[in-house]
Amino acid sequence: METVDRFRTAVEGRDADALGPLFAPEPRFFSPVKFAPFEGRAMVLGVFRVLLRRVFDDFRYVGELHGTAETEAGAAADSHLLIFRAVVGGKRIHGIDLIQLDDDGLIAEFTVMVRPLSAVTAIGEAVHAGLVAEALLPSGT
């Protein structure tokens, strides 16, 4: 099973532990709530643990597109868009996960786009609280 299929299966099954082998050694996670990306395997996997265990309810992928797109670093990459729907804080949201693979077929860059704006705010607050609870961010930040 290829990386994106394994990723989708792990996320839909809320199995954060299955994500580790799918990421490049130094992945970057571009969030809709933070200007700079989350960087490094430990932080990126920590964000996914928080998202899957604390933030999203009724998460499901509803579509997928595939092609080639430029990464933040400027290189063309095998790219997949996974379209999702979920509930955050009782509000239904709609979003897109952009997964960009490196030459080894591992996830090098991951970008999330979400609507509406109230969902972005709710996700930001929930992720921040979860990262503090997981000791990935200091309290009071």
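Leaving out residues up to four places away in sequence, Gln100 touches Ala69, Glu70, Thr71, Ala77, Asp78, Ser79, Leu106, Ile107, Ala108 and Glu109 (contact means heavy atoms within 4.5 Å). The model is predicted: local features need pLDDT of at least 70, side-chain atom pairs count only at pLDDT 80 or more, and totals for chains, interfaces and linings use all residues. Residues are numbered from 1 along each chain as its sequence is written, and side-chain values use heavy atoms, with hydrogens and water left out.

Gln100
- Gln100 lies in strand β5 (residues 91–101); strands are DSSP runs of E, at least two residues, and helices are runs of H or I, at least four, numbered from the N terminus.
- Gln100 has a relative accessible area of 3% and is therefore buried, a term for values under 20% with a 1.4 Å probe and protein chains only.
- The side chain of Gln100 makes a polar contact with the side chain of Ser79 at 3.1 Å (a pair of N or O atoms within 3.5 Å; within protein, one must be able to donate a hydrogen and the other to accept it, and residues adjacent in sequence count only if both atoms are side-chain atoms).
- The Gln100 side chain also reaches the backbone oxygen of Glu70, at 3.4 Å.

Ala16
- Ala16 is in the loop between α1 (3–12) and β1 (23–30).
- Ala16 counts as buried because its relative accessibility is 7%.
- Beyond its neighbours within four places in sequence, Ala16 is in contact with Arg49, Leu52 and Arg53.
- Ala16 and Arg49 are 33 residues apart in sequence, and their C-alpha atoms are 5.4 Å apart.

Largest pocket
- Residues that line the largest pocket include Arg28, Thr71, Gln100 and Glu109; a pocket is an open set of points on a 1 Å grid over the protein atoms alone, where a 1.4 Å probe fits, with protein on both sides within 12 Å along at least five of seven lines, and lining residues have an atom within 4 Å of a point.

Definitions and conventions: Buried < 20%, exposed > 50% of the residue type's maximum accessible area, 1.4 Å probe, protein only.
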